[in-house]
Amino acid sequence: MSATRDTAQAADLLTWYDRHARELPWRVSPAARAAGVRPDPYRVWMSEIMLQQTTVAAVKSYFEAFTTRWPTVSDLAAAEDADVMAAWAGLGYYARARNLLKCARAVADEHGGVFPQTLEGLRALPGVGPYTAAAVAAIAFDLPETVVDGNVERVMARLHDEHMPLPQSKPVLTGYAAALTSQGRPGDYAQAVMDLGATICTPRNPACGLCPWRTACAAWDRGTQAELPKKAPKKRKPTRHGIAYLVKRVDGAWLLERRPDSGLLGGMLGWPGSDWSEEAPADAPPIRAEWKTLNAEARHTFTHFHLRLTVKTALVPMERRPERGEFVEAEVFDAGDLPTVMRKAFALTTG
Ligand code: SF4
């Protein structure tokens, strides 16, 4: 594919984007950008961290809440860890929240509260991988970096009728994306390809009739869109089992335990529990009590396994001391601050 044609193809997409760009709370519209408005790198970075493994619809309200409560990177850097973890509850993949704080503190302490403006500088920040660094460099600073997420991979596989399965095909698809990246408007271009993948070149039933790249699209030409991108077969997820202990004190306080920083749901508050394993879990009650086992299990699926939690409940007197965890008074307890799997366990006690 020649450089001239690449430029024309990028221009076709940008013309489409100028008319059809999605309005998103972290985004500067193409018209505003053309008028000289620059995106706030803090908002671009936060949106990219939140959007990893999470849909736009789920992220919007969290993004608004975070940027209202912590409007600048320095505000976030000064936040209490527990407040940030609680505000993140429900968004999942909690390592992202810990890295969010680490990164905000690195920007505040080592860069005077200003995000580095180079790919290398961004890449050196905690929790900022190659994808996020490229996205922030392109969207916030208009650097001609190639941004490749799942949407872009799908579009590139179809555009080039590439049948090599993912993840093996990643370097090839990245190469295709790099060849098309706009040099003139890289920030708008990066968002335009993402929008094309999210709204037109969707996983199922792509709207090829509305696509600005239809005449260049090899999959459309050959009718192979629905088969692409090919993916290597997924491994079956194992099922792990565990026990969650929901202990209420007679004054309404709940027994919670902060999980270790490393590992799943690291740093989050949750119900004390057993290990999670593929064998039947060993009972590990956090306090002496008369236990009642609920009939229903709390079920949740993580990236690498399904979890089934047996829920045990108990009511304990004021003077009873736990072996693990701490009681959280009824007035400050908010089930909304718990990770989703812990909320599911709680819902079984109220349902
Ligand atoms: S023509 Fe269809 S398959 Fe090809 S890029 Fe456009 S929406 Fe995707």
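What volume does the largest cavity have? In this predicted model, the largest cavity has a volume of about 130 Å³. The structure holds two cavities of 30 Å³ or more, and the second largest cavity has a volume of about 70 Å³.

The lining of the largest cavity was examined residue by residue. A total of 15 residues line this cavity, and those nearest its centre are Arg158, Cys201, Cys208, Cys211 and Cys217. Two elements, α10 (150-159) and α12 (186-200), each give two or more residues to the lining of the largest cavity. The largest share, three residues, is supplied by α10. When the lining of the largest cavity is divided by class, twelve residues are nonpolar, one is polar and two are charged.

The largest cavity is also the site in which the ligand sits. Around the ligand are found Arg158, Ile200, Cys201, Cys208, Cys211, Arg214, Cys217, Trp220 and Gln225. In terms of class, this shell comprises six nonpolar residues, one polar residue and two charged residues.

Attention may then be turned to the second largest cavity. Its lining is formed by Glu145, Thr146, Val147, Val152, Met156, Ala177, Thr181, Tyr189, Ala190 and Val193. Both α10 and α12 supply at least two residues of the lining of the second largest cavity. In this cavity the largest share, three residues, comes from α12, whereas in the largest cavity the largest share comes from α10. The lining of the second largest cavity consists of seven nonpolar, two polar and one charged residues.

A further residue considered was Thr54, which is found in the loop between α3 (41-51) and α4 (56-69). Is Thr54 buried or exposed? Thr54 counts as buried, because its relative accessibility is 15% and the limit for a buried residue is under 20%. When neighbours within four places in sequence are left aside, Thr54 is in contact with Val59, Leu91 and Arg96. Thr54 and Ala219 lie 165 residues apart along the chain, and their C-alpha atoms are separated by 28 Å.

Notes: Residues numbered from 1 in each chain as written. Predicted model: local features only at pLDDT ≥ 70, side-chain atom pairs only at ≥ 80, totals over all residues. Heavy atoms only, no water. 1 Å grid on protein atoms, 1.4 Å probe; cavity = no way out; pocket = protein on both sides within 12 Å on 5 of 7 lines; lining within 4 Å. Points joined across faces, edges and corners; volume = space filled by probe spheres on them. Helix = DSSP H or I, 4+ residues; strand = E, 2+ residues; numbered from the N terminus. Nonpolar A, V, L, I, M, F, W, Y, C, P; charged D, E, K, R; others polar. Near = heavy atom within 4 Å. Sits in = over half its atoms within 2 Å of the grid points. Buried < 20%, exposed > 50% of the residue type's maximum accessible area, 1.4 Å probe, protein only. Contact = heavy atoms within 4.5 Å.
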